[in-house]
Amino acid sequence: PFALFTIVFTRFHSCIERQGIMGNLLKLLACTEFEHGPIVFLDFEHAQPTEAETAVWNQVSAVLEEAHGILAELQSYNGAGQEIREAIQNPNDLQLQEKAWNAVCPLVAKLKRFYEFSLRLENALRSLLEALTSPPYAPMQHLEREQALAKQFAEILHFTLSFDELKMTNPAIQNDFSYYRRTISRNRLNNQQLEAENEVNNEMANRMSLFYAEATPMLKTLSNATTKFVSENKTLPIEDTTDCLSTMACVCRVMLETPEYRCRFTNTDTMLFCMRVMVGVIILYDHVHPVGAFAKTSKIDMKGCIKVLKEQPSNSVEGLLNALRYTTRHLNDDSTSKQIRALLQ
């Protein structure tokens with residue numbers, strides 16, 4: 001439901017004069033002379049891709065169409081805990097062993113679909129990063145010109161944090177997959193091959209195991225993909241990527257902390273959408289930038305971002321605060337101020 005990126009700046013004359021560059025939105029956003037930051041509003045409700053965006057937009061849209069179904073499946077994931085407990089408690093009861101196995105197999109097939117979707121999401125992110133950072137335009141010019149792609153980037157981050165919040169609160173996922181792997185190993189020792197191995201072979205099971213071992217597997221996938229994108233594109237300045245991320249974080253923060261913009265939201269989910277996008281780009285920035293998001297030289301106002309989150313009901317933002325606490329790379333660096341650490345305690 002979230003659509004157009006419309007960026008409105010109204011109070012930036014002093015920054016224009018200081019920078020001497022009219023229209024350079026990146027430097028306007030990075031300007032720290034504003035009392036409360038630039039006035040920004042993002043309208044996520046009406047967006048259509050331009051002709052230049054269509055090819056990438058169609059590719060990413062095909063992936064995002066699956067996202068709602070993936071979240072719905074994960075939300076309804078109940079696991080096979082009861083069947084597994086009964087099988088473990090009665091190891092000689094073949095009927096209970098079979099019952100547990102039959103309960104776990106379709107769940108593991110579902111977990112495989114989630115993992116395979118993460119790979120498609122990774123490819124979609126790469127396509128968006130290529131489009132939003134490619135020459136001859138500066139990153140902020142891309143966000144102005146390619147608003148539909150910028151919105152899709154935001155939707156990927158929104159999905160990612162939504163998925164990881166659900167995964168972190170569902171221990172059945174790890175338990176089911178561990179039981180599946182133990183059963184496969186036991187039968188392999190007994191020279192038995194179960195039919196389910198054709199669905200999830202040992203190599204696939206190893207990759208899935210690494211994926212689900214992460215507290216936030218989707219976010220880890222995107223962080224790795226962004227880091228890989230930067231390292232593989234050596235002719236592209238790293239700032240082209242990090243400035244794009246820091247600008248999106250700034251835009252979301254200002255919109256969230258400005259009452260006259262918040263009151264324009266017509267969809268009750270837009271607040272949470274903006275918060276998730278803000279946290280997602282902060283984490284990506286922290287993984288990609290050499291000194292991270294928490295240093296004094298960071299282009300992200302971390303104090304402001306954390307304060308915005310803490311002003312919301314705790315039940316809606318605790319997962320986002322935990323993502324900043326536990327999935328960022330530089331929070332515990334010496335360069336991180338005591339005030340920021342205290343805010344996240």
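Colleague: At roughly what angle do the axes of helix α5 and helix α9 cross?

Modeller: This is a predicted model. Helix α5 covers residues 94-133 and helix α9 residues 202-213, and their axes come within 10 Å. The two helices are roughly perpendicular to each other, since angles of 65 to 115 degrees count as such. The axes cross at roughly 75°.

Colleague: How do the residues of the contact of α5 with α9 divide into nonpolar, polar and charged?

Modeller: On the α5 side the contact includes Val108, Leu111 and Phe114, and on the α9 side Met204, Arg207 and Phe211 are among the residues. The residues of this contact are three charged, one polar and eight nonpolar.

Colleague: Is aspartate 243 buried or exposed?

Modeller: Aspartate 243 is placed in helix α11, residues 238-257. Its relative accessibility is 8%, and the cut-off for buried is under 20%. Aspartate 243 therefore counts as buried.

Colleague: Which residue forms a salt bridge with aspartate 243?

Modeller: The closest N and O atoms of the pair are 3.0 Å apart. The partner lies in the loop between α13 and α14, so the pair ties together parts that are 56 residues apart in sequence.

Colleague: By about how much of a helical turn are lysine 228 and glutamate 232 separated?

Modeller: These two residues form a salt bridge, with the closest N and O atoms 3.9 Å apart. Both belong to a network of salt bridges that also links Arg126 and Glu130. Because lysine 228 and glutamate 232 are four residues apart in helix α10, the separation is about one helical turn.

Conventions
Residues numbered from 1 in each chain as written. Predicted model: local features only at pLDDT ≥ 70, side-chain atom pairs only at ≥ 80, totals over all residues. Heavy atoms only, no water. Axes fitted to C-alpha atoms, helices over the stretch in contact; angles between N-to-C directions. Parallel < 35°, antiparallel > 145°, perpendicular 65-115°, else oblique. Contact = heavy atoms within 4.5 Å. Nonpolar A, V, L, I, M, F, W, Y, C, P; charged D, E, K, R; others polar. Buried < 20%, exposed > 50% of the residue type's maximum accessible area, 1.4 Å probe, protein only. Salt bridge = Lys/Arg side-chain N within 4 Å of Asp/Glu carboxyl O.
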